[in-house]
Amino acid sequence: MSNKSYHSNPIKENNQVLIQGGEKKVMKKILSVALSTAMAFSMFASVAFGDDAKLTTAEKFNVLKDAKILTGYQDGSMGLEKDLTRAEFATVVSKLMGLKPIEGQLSFKDKGYTAKNWSVKYIEAVYAAGLMEGKNTTKKIFDYNGKITVQEMAAVLVRATKLEVPTETDNDASAWAKGYVQAAINAGIIEKGAAPKANATRSQMTETAYAIWLSEQQPAVVSYEVKEDGKVVEFKLANGDVVPVTPETPLKANVETVVTFKHANYDYSEKVTWVVTAATKVQGVSASNYKQVVVAFDGDVDKATATNPSNYSISGLSFSAAALSEDAKTVTLTIAQDSGKLDRQKEYTINLKGVRNADRTKTFSDAVKFSPVDTTLPEVKEVVGLGTKAFKVVFSEPVQQSSVVSTSNFMVDGKAVSGYVTYQYPNIAIISTDLAVGSHELTVRNVKDYADFTILSASSNFTVAEDKTAPEVVGATTNDLTRVEIEFNETIKSVSKVYQTSSSKTATYTISDNKVIATFSDPNKLSLAETTIYLEGVTDYSNNSANREVKVTPVLDTERPTVVGVEADVDKGNHEFTVEFSEAVLLGDITNPANYVLKDKDGKVVTGKGFTTKGNPVKAPEFVTGSQNKKVKITSIGQLASGVYTLEISNIRDVAAIGNTMLPYSTTIDLADIEKPKVLSTSYYEVTTPGNSSTFTGLDIIVHYSKPMAFDGVGNVLEANKYNYASTANAATYLPLPVNSSVSAINAETVRISLPAKEGGYITTNDDGVKQAISLRVVNVADANGNYISNNVVTTAVNEKGQQYVDLKTVKATDNNTIVAEFEGPLSYVQASDFIVTAGESTYGVVVVSNNNGVVTFDLAGDNKLAPEVGDNVTLSVKGGNHTVQTVNNNGLKARGSKDITDAISPTYVEKSVAFKNGEDNTTVATLTFDEALVVFNNPTAFVVHVDGEPVDVTKVERNSGDNKKVEITFKAATVAGKTVEIYSSSNFASAKFVTDTAGNAANAVAIN
């Protein structure tokens, strides 16, 4: 389109000029807009334009109204049926073509044509642009209230778009307009059957204006679709284009987000909401009591997988139940009654695996941290009459069985209950007693939750009605071939028998309120097909009984087990690796040494220290009792060197009906400092506050740890809330420290807990006037390297100062003259005369060789020696009365204790003991004698043999059948008489432990030449 202005002759009808050419310039935009739309749109018909063709005229009017092009009447109406005035037409054209309104100019003399007239500034704009002139140019009358005809509109648009005007016409327009109308018909601007001389309506103008406006606008977004879990949004435009857009960050479910993108040189900014009902992520995890964990999702989850307790795990704990909320977004997990409880404010990690969202498009595999906080007292949530012979009390949270089972804690209508209480873990008490039909009042007292908070004595009303109907099944679920949960419409008292298919295929079962949980073990497991479960003698608390049945179709567990984590520790001088799996796994798999390989930082297998030449543990891994087949412990023989190691685990299957095998797993372990700190000792002394009566006494408690401790961060030992106390030793209930208590550091391993003075003090005395010990509980404290105390909690009796000691921990003999003793904490001074070694009837003094932070090396005094096989009843003891011992730590705590000395002495070849004999098939057997009984692994690579300087093949290495101190090495040589024979142990002889004593100590290297 040219940027030049053009000239035209005025179009006259009855001497009335519609378009003024003259010297006036026609705007480029008018031509480009009009010409681009002329061939595509009908002036009076709704022609298809993408999805916008579906819009009604009224909807198009509203679009143009929002675009500030059209305006309705003051009463809010559109007036689509009304004729279009010249003022309205001029206004629409002005706005549609983007003309700037002209104010302060009055080119026409119509009555009412003043600056206050709403249309004047638009009329002046189209007049200045040369688009329209007045009806009477002589008198300067625009006739703004006059009507405009279809042919006049067509002429304006045809001239503006510079369409070619044909000489042959076929329409009913006036003679002057026939060519313009025909050009409009040919271009599709008006329909062939339109009435050119008729007045144009506001409806017709709306259609035309919408088509022109739309062609000039960037195509609007008419819809969008979110794909790939919020990572991609597909926008559909009004022109039919589909534009895929990847937002900078994935969308969050059900959160409105502005997405920007560029398409066809247009910039878009669209508000997008990814509407999701199925969960996409774990929203959060919380625990408001110490026996339940609540997992919240951002949408709905699949009931079968979400209510499977084995799909959740916390190290050291197991879940007995998983309940899904009514809105299917929250799962409440109940920790098994015998599986311990959560500790307050400790940070835990819960692992999810196998939980699916509602449409099963996502399977969650998450590890989420949370810290439990219980600040509320237990309450009675509900009381339900179970007929006239029992009622049920539901508490607001799990409560302790010991506080529930006493009938003295329940009163009905102000009277003691005559009957008995049945506790159903975690929060239900069923009281069996005779009740009259009608309303009753229950009062409950002395019931405690797992934070030791006691319920406030409160009353609840409940109603008793006679029950004559046996329980009915309302539903059943199963997520594997072994476990079925059957739900009834009322609380179940007992069941006689549960079986499937035939009466011989019985199940074990438990009852929890209105549910019966049946477990079918081999060979009675369910089949994959629909199966009928039969329950005989289902009885309620009104003794109504019936046989019931329900059909279930098992859903197989197809989720692989995973490793939740690996923890390293030191115990009895050995490294221990505890591996925890996400679910129960086969005992034979987790205790198979071949399924574990330990490698060093360079990727080489670790040999020695309890690991074979393949890096497998020598000792079979031990199943951890009470872990529900989820934990195994791998133990070295002696401590490994400090550094980073890699543990590889494979071939572990879960206990599903059709076992799922975990994918190979590896993790790194840093053995720089992994030993957990311990509380070595505690003591107290009373403090009388100056200026107060002596009856106002405070208390200082000194806590000695085995290692330097953390003084900041999560494991900070200086936080008062990490300590609780009780006024008696071995107490069941602990109290928080009093207000204004403080904890301060004495040194890196020792803290002082100061309790404020109170009348009577904190210490009691017995009948003999002896001061009694108190009890201290320490939770969630860590050493300076972040290692937490074992199990994150320790309880200890605290005695008066002067009665605490540093105990011997382990003692081992590393050769027949050297003993290494490890104490429970560091020692600042070691006096040799404090120690004595006893071996049967003999006693030996010792000499201190070194003291490395409480690991003390002694040599036996004089020429005394221990036997290579240390044997039983060989001990190291701290001698003398406690008051005479000089060996102390830096706080003055004295050493004490007596420990058997373990054998860490390596067997040694007895010099010049080698003997040769002829073997079978041209071989020679060399017999080597060691100084103690041996265990020998038949591995020919254990020794290297040279005959006359040439290497020969070793074919067998074994222990002599008649003397367990001798090793026989068979090698290929017909005879060695008169020849030089050299025998050397291999380079990995000691680390691979080819030859050990009966205590597992690797033999010393051998060199015979």
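Trainee: Why is helix α4 (residues 120–128) said to be largely enclosed by the rest of the structure?

Mentor: Happy to explain: 7 of the 9 residues of α4 are buried, so the helix is largely enclosed by the rest of the structure. Buried means under 20% relative accessible area, against over 50% for exposed and partly exposed in between (1.4 Å probe, protein chains only). This is a predicted model, where local features need pLDDT of at least 70, side-chain atom pairs count only at pLDDT 80 or more, and totals for chains, interfaces and linings use all residues. Residues are numbered from 1 along each chain as its sequence is written, and side-chain values use heavy atoms, with hydrogens and water left out.

Trainee: Which residues of α4 are buried, and what do they pack against?

Mentor: They are Val120, Tyr122, Ile123, Glu124, Ala125, Val126 and Tyr127. Those buried residues pack against α3 (86–96), where contact means heavy atoms within 4.5 Å. Just after α4, Gly130 has a positive phi of about 80°.

Trainee: What makes β8 (residues 282–286) and β9 (residues 292–297) a pair?

Mentor: Two strands pair if DSSP finds at least two bridges between them. Here 4 bridges join β8 to β9, which run antiparallel, so they count as a pair. Gly284 has Ala296 in β9 as its bridge partner, and the two strands form a hairpin with 5 residues between them.
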